[in-house]
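This briefing describes a predicted model. The structure is shown first, and the points that follow are grouped by topic.

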Amino acid sequence: MNPERIQDLFDLLGQVTGYIYPNEIEIHWSILVVVYPYVTGLVAGAFILASLVKVFKVKEVEPTYRLALLTALAFLLVAPLPLLLHLSQPMRSFEIFLTPNLTSAMAMFGFVYAWYLMAVLLLELWFEYRRDLVVLGKESTFPMSWIYRALSLFSTDVSDRAVAFDLKAIRMITIIGIPSAFLLHGYVGFIFGSVKANPWWSSVLMPIVFLMSAIVSGIALVVFLYMVLTSIRNQPIDMRCLDTIVSYLFYAVIVDFSLEALDFIHRLYQSEESVKILGTLITNKLFMSLFVLQILLGMIIPLGILVVARSRTFNDDMRKLLYFTSVILIQVGIFSTRWNVVIGGQLFSKSFRGLMAYKMEVMGIEGLLAALALLILPFVILTVFIRLLPTERMEDHVARTA
Amino acid sequence: MRIPEQIQRLAIVTAVIIGGVLLVRFVLIPRSLISDDLHRASTVQRELAKPIKFAGSTACQDCHEDVSSRVRKGYHKNLSCEGCHGPEARHAENPMEVKPFAPRDRKFCPLCHGYDPSRPTGFPQINPTAHNPIKPCITCHNPHDPVPLTAPQECSACHAQIQRTKAVSSHALLQCTTCHSVPAQHKKTPRSAWPSKPDTRAFCGGCHGKEATPKDAPKIDMSTHGGRFLCWQCHYPHLPEGRG
């Protein structure tokens, strides 16, 4: 280990309380492992929102359909990066691909990820955009025309019959896609939930709690992006669409809140031998991130805002303001949720008699800047996608502007 | 029925991807890397093909019976000859012309016997800059049967790490013998006679109990403090209440 790292660990000794084992001073799963479930959660949530349109035929949400799919893809492309950086030797991941371990829960990520990216998201996007890509390929000039033609796989058929086939295919893929999205994020919860030795993680509720919080964060992100995008483009916001999405968000937050409360009460009632140290953990090391950021700012206040926004009649601008505030607070809350699970689970000693501390690097490969870069990167990718691919069906666009 | 155009296009892409994966998996990647047998078994063949450099300790014993019987009785009995003398296959083949290497300067021995806090307690360690500087180790110690010239007077001669830790702790002024009784034999052959260690809570209570006489020692109520745990399960006696 390099001397600076050892010095950092020495500094941490002063913050240790109670009794810990010597090898517990170093927290191995850093902020990058917090970013990873956060990002995959956004993917799953955004996809679930998109599927509302196609499977459950919620017509009001249609304007955000393409945006939600592109958001899911942009974040999905970034999802494995935190794990690769966390490996310290990213090139070694090649060995994992060559010798897949079919019985390892962690290795399952590769399969689930590949399935979700190749068989669900890219396929659905291709069918959704195929007609527009053919048209754009014909209308634009070189070199864009070639890019569009290549993206459409040099397809040319835009007859009604072909377009009808596209729609049928999208519906089929979405039906397969919903369980796949559940699998993608449920799997992340499964990894944590199956760590028997860690009472903060080991819970069968974990995959479901992860999933619900993923849906909450994904929907909130798409609402945020939709509002930002329309204001950049100087377009009016479709308030019927926004109200509908926010009502889904509202129910999702309630379910998520209930599940987390259930988990909490269950632990308290079970009162296993770990309950004492977990009690100290949440009132001591996690007080700010759990009670203040996750529960108060990230859950109760946005829930209150949404209740007020729905129960009283405000004008459009006021509702927009309330929605915008609550979706940002929800993002802060869900990020804190991930932080509390990943970092919180490593802050107490396996002796159940002491607490450690986590000191985040700033510059290093697992530091704050790397994490911020990974959180910004999907937005950059999304900007490129939106520049390249229209977020509105071209037929609808023509109809609206006419 | 005509196959829709979309399916045709996607079928081509899928076929290219599957073909690419199969090509990489079955043609480009070396078989040993993905075989179900021992992982990368071919490396065994690669290593076997290298020339043999070590003769092995039995080859040494055949000619150097006197030295090897002496080594077997001393503290270096678990070391192999070629660990210090280097690979000697060529010497074993041609004893007269190829002479073995022997480390005779001061650089070699401190590789094992220079002070390093991570070495086991009691392992003979010296500070090379302070311990008879300039003199080669072999002027005083015979590496084939190494013994200290005189029995150590201080515990710190072998237990330097503990001594250094204790020196900065609040137990700095206590003698080792306050808590440990050391049989004389321990200084000659350390592992044949072990020093004693305190084994009851009452021992620590002798100074730290409520009614104990030393005034400076922090006092606790032995009947309530720490429950069923022994004192040294929470407090390290050589660095009690250490602050890093």
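How many helices and strands are there in chain A? Chain A of this predicted model holds 15 helices and two strands. Its radius of gyration is 23 Å, close to the 21 Å that the globule rule gives for 402 residues, so chain A is as compact as a globular protein of that length.

**Overall form of chain A**

- Taken along the principal axes, the box filled by the C-alpha atoms of chain A is roughly 70 × 55 × 35 Å.
- Buried residues make up 38% of the 402 residues of chain A.
- Among the contacts in chain A with a separation of 6 or more, 79% are accounted for by residues 24 or more positions apart.

**Overall form of chain B**

- The order of elements in chain B, read from the N terminus, is α-α-α-α-α-α-α-α-α-α-α-α-α.
- The C-alpha trace of chain B spans about 100 × 70 × 30 Å along its principal axes.
- In chain B, 7% of the 244 residues count as buried.
- Residues 24 or more positions apart provide 47% of the contacts in chain B with a separation of 6 or more.
- The domain assignment divides chain B into domain 1 (57-111 + 122-146) and domain 2 (170-183 + 197-244).
- A distance of 44 Å separates the C-alpha centres of domain 1 of chain B and domain 2 of chain B.

**Contact between the chains**

- Chain A contributes 15 residues to the contact, and chain B contributes 10 residues.
- On the side of chain A that touches chain B, at least two residues each come from α1 (3-13), α6 (108-139) and α8 (160-193) of chain A.
- Helix α8(A) gives the largest share of that side of chain A, with four residues.

**Helix packing in chain A: α2 and α3**

- Two packed helices are described by the angle between their axes and the distance between the axes.
- Helix α2 (residues 31-54) of chain A and helix α3 (residues 65-78) of chain A have axes that come within 8 Å and cross at roughly 155°.
- Angles over 145 degrees count as roughly antiparallel, and α2(A) is therefore roughly antiparallel to α3(A).
- The crossing in which α2(A) passes α3(A) is left-handed.
- On the α2(A) side, the residues that meet α3(A) include A:Val39, A:Leu42, A:Val43, A:Ala46 and A:Phe47.
- On the α3(A) side, the residues that meet α2(A) include A:Tyr65, A:Ala68, A:Leu69, A:Ala72 and A:Phe75.

**Helix packing in chain A: α8 and α9**

- The axes of α8(A) and α9(A) cross at roughly 135° and come within 7 Å.
- At this angle, α8(A) is oblique to α9(A).
- The crossing of α8(A) and α9(A) is right-handed.
- Residues of α8(A) in this contact include A:Phe182, A:His185, A:Gly186, A:Phe190 and A:Phe192.
- Residues of α9(A) in this contact include A:Met206, A:Pro207, A:Phe210 and A:Leu211.

**Backbone features in the loops of chain A**

- Most residues other than glycine have a negative phi, and most peptide bonds are trans.
- A:Phe142 and A:Pro143 are joined by a cis peptide bond, with omega at about 5°.
- A:Pro143 is located in the loop between α6 and α7 (144-151) of chain A.
- A:Phe154, although not a glycine, has a positive phi of about 60°, and A:Phe154 lies in the loop between α7 and α8 of chain A.
- A:Phe154 has 13 other C-beta atoms within 10 Å and is therefore partly exposed.
- A:Phe352 is not a glycine either, yet has a positive phi of about 60°; A:Phe352 sits in the loop between α13 (316-342) and β2 (354-355) of chain A.
- With 17 other C-beta atoms within 10 Å, A:Phe352 is partly exposed.

**The position of A:Arg233**

- A:Arg233 is placed in the loop between α9 (206-232) and α10 (239-270) of chain A.
- Is A:Arg233 buried or exposed? A:Arg233 is exposed, because 10 other C-beta atoms lie within 10 Å, and a residue with 12 or fewer counts as exposed.
- The C-alpha atoms of A:Arg233 and A:Val195 are separated by 47 Å, and the two residues are 38 residues apart along the chain.

Methods: Residues numbered from 1 in each chain as written. Chains lettered and ligands numbered in written order. Predicted model: local features only at pLDDT ≥ 70, side-chain atom pairs only at ≥ 80, totals over all residues. Rg over C-alpha atoms; globule rule 2.2 N^0.38 Å. Buried ≥ 20, exposed ≤ 12 C-beta atoms within 10 Å, placed from the backbone. Contact = placed C-beta atoms within 7 Å. Domains from an automatic or database assignment. Axes fitted to C-alpha atoms, helices over the stretch in contact; angles between N-to-C directions. Parallel < 35°, antiparallel > 145°, perpendicular 65-115°, else oblique. Left-handed = near helix turned anticlockwise from the far one by under 90°.
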